Amino acid sequence: MKLPPKRGGECPAIPSGSSQVLIIGANGAGKTRFTSRLLSSVPPERTFALSPLRALFGAFRPDAEVGSVDAAYSRALTKSPLGASTVPLASEFERLLGLLLQEEMTNLLAYKMSDAKGPLPETKLDLVIAQWREIFPGNDILRTEGSLLFASSADGSSRSQTKLSAGEKVVLYYFGGVLLAPENAVIYIDSPEMFLHPSTLRRVWDKVETMRPDCTFVYTTHDLDFAATRSSATTIWIRGWQADSDSFDYDILPPDSELREDMYLSILGARRPVLFIEGDKTHSIDSKLYPLIFPDYTVKALGSCDRVIESTRVFNSLEAFHHLDSRGIVDRDRRSPQEVEYLRRKKIMVPEVAEIENLLLLEDVVKAVAAVHRRDEVRAFEKTKNAVIGMFRAEMRQQALQHTRHNVKHIMEHRIDGRFTSITKLEEHMNGLVDEINPRAIYEQFCRDFSDYIKRGDYEAILRVYNQKSMVGQSNVSSLTGCGDKRSYLTAVLNILKTNSHAANRIRQAIRSRIR
C-alpha cells in the first residue's frame with residue numbers, strides 16, 4: 001500500500017510489517033476519501049471490503065466491487081448453483097450465510113463422492129460456529145434442512161437469522177466475511193465498532209485478525225473505544241483534505257509515545273486543547289463538572305493526580321507534533337504554596353479550594369442556585385457559610401494534624417533522597433530529622449492560622465484548607481437553596497451549567513476565577 005500525498009508533496013511510507021492500519025480523524029476530516037486513495041494502490045483482486053451498515057441494511061442490488069461478499073456470492077453461483085435460494089436474498093448478510101451453506105454442502109458432496117474415510121474436513125462454517133460460541137456462550141448454531149437455526153441454552157429455544165440482534169448478525173458477518181477474502185488480502189472495514197457493545201469490541205476483532213493472519217486489516221473509525229483496542233496498529237491521523245492540490249494533511253502517530261493510545265486519539269480527534277483531570281469518566285464530580293466549566297477543552301479523566309501530572313508533562317513534550325495546548329487540574333488538598341506554585345509552572349492548574357466539592361460552596365455558586373429556586377440567596381449563603389465555619393471549628397485540630405502530616409511527609413521525601421555512603425550515615429541523618437523538622441511547631445502554626453480564619457470569618461481561606469468531602473451534605477446547602485438532598489444540589493448545579501443563562505455564567509465565572 002502507498003499512502004496518498006501529503007500537503008507539500010511528501011508521501012510517507014507505512015512502516016514495514018504493519019498488519020493493521022488504523023485511520024482516525026474527526027467527522028469531515030476526509031477519512032473515507034483518504035482510505036479510498038490508499039486502497040487504490042492495491043490490485044483490486046487483493047482488496048476485500050466489509051461494511052456492517054451495507055451488510056444489514058444495504059439495498060438489494062449486490063455490491064459490484066471485485067472484493068466483496070456479493071462478488072464472491074455471484075462467482076460461487078456461476079460455478080455451481082447448488083444451494084441457491086429460489087427466494088432473492090435481500091441483504092449482503094443473507095448472501096454471506098448462503099455462501100457458507102453452499103460451501104458446506106459442496107464439501108459434503110465431495111467427501112461422499114471421494115469414498116473418503118475418517119472425520120469430515122473442516123469447513124468455513126465450522127470455524128465460524130466455533131468462534132461464535134466463544135463470543136456468545138450458551139448460544140449455538142444448528143444446521144437444519146439446508147438452513148441455519150440459532151439456539152439458546154437459556155430457554156432451549158431456537159430462531160432464524162431474522163430474529164438475531166444487529167450485534168449478533170454483525171459478529172457472524174465479520175467471522176464469515178474474513179474467511180471469504182483472498183490470500184494475503186487487504187481487508188477494509190468501515191466503522192468496525194458499529195452495532196458492537198464496547199465489552200465485546202476487543203474480543204471480536206482479536207478473533208477476526210487471528211482467523212486471517214495472512215491479511216492486512218485497514219480500519220476507518222472515529223470511535224475511541226475501538227481505536228484503543230488496536231494497540232499494535234499503525235495509526236494515521238487525518239486532519240483534512242486540500243481540494244486545490246488534492247492532497248491530505250495527516251500524520252502517522254509515533255508508536256513509542258509515552259501517552260496511552262486511547263487518550264492520545266481522543267485528544268487528536270477532537271481538535272481542541274486538552275484538560276486532564278482527576279477521577280473516573282463516569283462517576284466522579286470532576287468528570288461531570290469540569291466539561292461544563294471548560295467547554296472549549298477536551299476533558300479527559302485519568303484517575304489519580306499523579307497520572308494527571310505525568311500525562312500533562314508528556315503531552316506537552318509532544319507539542320511540536322500535535323500543536324495543541326495541554327493543561328491539567330488537580331485538587332489542592334493540603335499542598336503548600338510552594339508545591340502549588342511548582343505545579344502551576346508545569347501547566348497544572350490548582351484551585352483556590354481544598355477539594356472539588358468546595359467549589360460547589362463558593363458564594364456565587366450558592367447564591368446562583370438559590371436564585372434559580374427563588375430562595376433568598378443572601379440568607380441561603382450566610383447560613384451555608386456559618387454551617388461550614390462551625391464544622392471547621394469543630395474539626396480544626398484534626399485538620400491541622402492532617403496538614404502537618406502532609407507537610408512533614410513532603411519534607412521527609414525530599415530530605416531522605418540524599419546520597420549516603422553507608423547505613424550508619426543514613427541512620428545519623430534520620431535520627432536528627434525529627435528535631436530538625438519539628439512537627440509540633442508546624443502543627444501549632446497551622447492551629448494558629450486556622451483559629452485566625454475562624455475568628456475573622458474568612459470563608460475563602462477555610463475553603464482553601466478544609467478537606468471534608470461530606471461538607472456539602474452537612475452544611476445543609478441543598479435544603480437552603482431549595483434543591484432537597486445533597487445529590488439534588490449537585491444535579492441542580494450541573495443542570496444550570498447546561499443552560500445559556502445568567503445563573504450558568506455566574507457559576508462558571510465563580511469557579512473559573514478560583515482555578516489557575
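Reply: Asp 280 lies in the loop between β10 (274-277) and α10 (285-293); helices (H or I, at least four residues) and strands (E, at least two) are DSSP runs, numbered from the N terminus. The model is predicted, so local features need pLDDT of at least 70 and side-chain atom pairs count only at pLDDT 80 or more, while totals for chains, interfaces and linings use all residues. Residues are numbered from 1 along each chain as its sequence is written, and side-chain values use heavy atoms, with hydrogens and water left out.

The relative accessible area of Asp 280 is 37%, which makes it partly exposed. Buried means under 20% relative accessible area, exposed over 50%, and partly exposed in between (1.4 Å probe, protein chains only). Apart from neighbours within four places in sequence, Asp 280 is in contact with Ser 287 and Ala 301, contact meaning heavy atoms within 4.5 Å. Asp 280 and Lys 300 are 20 residues apart in sequence, and their C-alpha atoms are 9.0 Å apart.

Another loop, between β6 (186-190) and α7 (198-211), holds Phe 195. Ser 191 has its place in the loop between β6 and α7. Ser 191 is buried, at 18% relative accessible area, and it touches Pro 52, Tyr 174 and Thr 220, not counting residues up to four places away in sequence. Phe 195 counts as partly exposed at 30%. Its phi is positive, about 75°, although it is not a glycine. Most residues other than glycine have a negative phi. Lys 347 also has a positive phi, near 65°; Lys 347 is placed in the loop between α13 (337-345) and β13 (348-349) and is partly exposed at 26%.

Asp 249 is in strand β9 and counts as buried, with 17% relative accessibility. Neighbours within four places aside, the contacts of Asp 249 are Arg 7, Trp 237, Ile 238, Arg 239, Gly 240 and Gln 242.

Strand β9 (247-252) is also among the elements against which the buried residues of α1 pack, together with β1 (20-24), β2 (47-50), β6, β7 (216-221) and β8 (234-242). In helix α1 (residues 31-39) the buried residues are Lys 31, Phe 34, Thr 35, Leu 38 and Leu 39. Seen down the axis of α1, these residues fall within an arc of 130°, so they line one face of the helix; the arc is that of the directions from the helix axis to the C-beta atoms.

Helix α5 (residues 124-135) and helix α6 (residues 166-180) have axes that come within 10 Å and cross at roughly 145°. Axes are lines fitted to C-alpha atoms, for helices over the stretch in contact, with angles from 0 to 180 degrees between N-to-C directions. Lys 124, Leu 127, Val 128, Gln 131, Trp 132 and Ile 135 in α5 meet Glu 168, Val 171, Leu 172, Phe 175, Gly 176, Leu 179 and Leu 180 in α6. The residues of this contact divide into nine nonpolar, two polar and two charged (Ala, Val, Leu, Ile, Met, Phe, Trp, Tyr, Cys and Pro count as nonpolar, Asp, Glu, Lys and Arg as charged, and the others, Gly among them, as polar).

The protein chain has 25 helices and 13 strands. Of its 516 residues, 48% count as buried.
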